[in-house]
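Here is a friendly walk through one protein chain.

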Amino acid sequence: MTNNELLLSISDMIDSKLNAGLRLMKNEMQDMKGELQTELRTMEQGLRSDMQTMEQGLRSDMQKMEQGLRSDMQKMEQELRSDIQELRSDMQTMEQGLRSDMKKMEQELKSDIHMLKLCQENLILPRLNTIESCYTDTYRRYRDDADQMEAVSADVDIMKKVIAEHSQRLQKLA
């Protein structure tokens, strides 16, 4: 597998992980939105049933309390709406932050990959070529001189014998 293929593979893996993270966050935000809507519906239904029960049991008191309940309901609704709006704003801020962080990470990864490519091109490959050249030259020298080494070894053995023989002769003459 070539470096480009490896880098493309790494890039694809990072993209898939980032996309999966975004999808997960979007799903969580949609789940939260659905839960909030369900809670709002449940609360609204509860309030309506409470109002009907109170209306049946306390019609005379209800006229006095009606204004208070309506204002309380409006306050609660406004609070809920402001809370929901606040949650939406927070989720949008988080999403923007995450996207910004992901873009920074992507830029950093691209920069790191570029630096690795430059290091490989400018440092590693020339050194590998130098090492290869040294090994190739040494191999050729040894290969070419291997036959000569055998001949030199044979000549040295013969010279040892001749020198030993001459030493013995010189000692006899002396």
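## Cysteines and disulfides

A disulfide is counted when a pair of cysteine sulfur atoms lies within 2.5 Å. This is a predicted model, and a search of the whole structure finds 0 disulfides.

Cys-119 is partly exposed at 30% relative accessibility, and Cys-134 is partly exposed with a relative accessible area of 46%.

## Overall form

The protein chain has 2 helices and 0 strands. Helix 2 covers residues 59-173. Along its principal axes, the C-alpha trace spans about 155 × 30 × 25 Å.

The radius of gyration of the chain is 44 Å, whereas a compact globule of 174 residues would have one near 16 Å. What share of the 174 residues counts as buried? The figure is 5%. The chain exposes about 15,400 Å², and carbon and sulfur atoms supply 55% of that area.

Side chains of opposite charge can pair when their charged atoms come close. In this model the count comes to 6 salt bridges. One of them joins Arg-81 and Glu-77, with 2.5 Å from N to O. These two residues sit 4 apart in helix 2, so about one helical turn separates them. Arg-81 is exposed at 55% relative accessibility, while Glu-77 is partly exposed at 39%.

Another pair to look at is Arg-99 with Glu-95, whose closest N and O atoms are 2.7 Å apart. Arg-99 is partly exposed, at 38% relative accessibility. Glu-106 and Lys-110 also form a salt bridge, with 3.4 Å between the closest N and O atoms. Both lie in helix 2, 4 residues and about one turn apart. Glu-106 has a relative accessible area of 34% and Lys-110 has 48%, so each counts as partly exposed.

## A nonpolar patch

Which residues make the nonpolar surface patch of about 580 Å²? They are Leu-123, Ile-124, Leu-125, Leu-128, Ile-131 and Tyr-135. Ile-124 lies in helix 2 and is partly exposed, with a relative accessible area of 41%.

Conventions
Residues numbered from 1 in each chain as written. Predicted model: local features only at pLDDT ≥ 70, side-chain atom pairs only at ≥ 80, totals over all residues. Heavy atoms only, no water. Patch = residues over 30% accessible without salt bridge, like charges linked within 9 Å, V, L, I, M, F, W, Y side chains within 5 Å. Areas by Shrake-Rupley, 256 points an atom, 1.4 Å probe, with all protein chains shown as cover. Salt bridge = Lys/Arg side-chain N within 4 Å of Asp/Glu carboxyl O. Buried < 20%, exposed > 50% of the residue type's maximum accessible area, 1.4 Å probe, protein only. Rg over C-alpha atoms; globule rule 2.2 N^0.38 Å.
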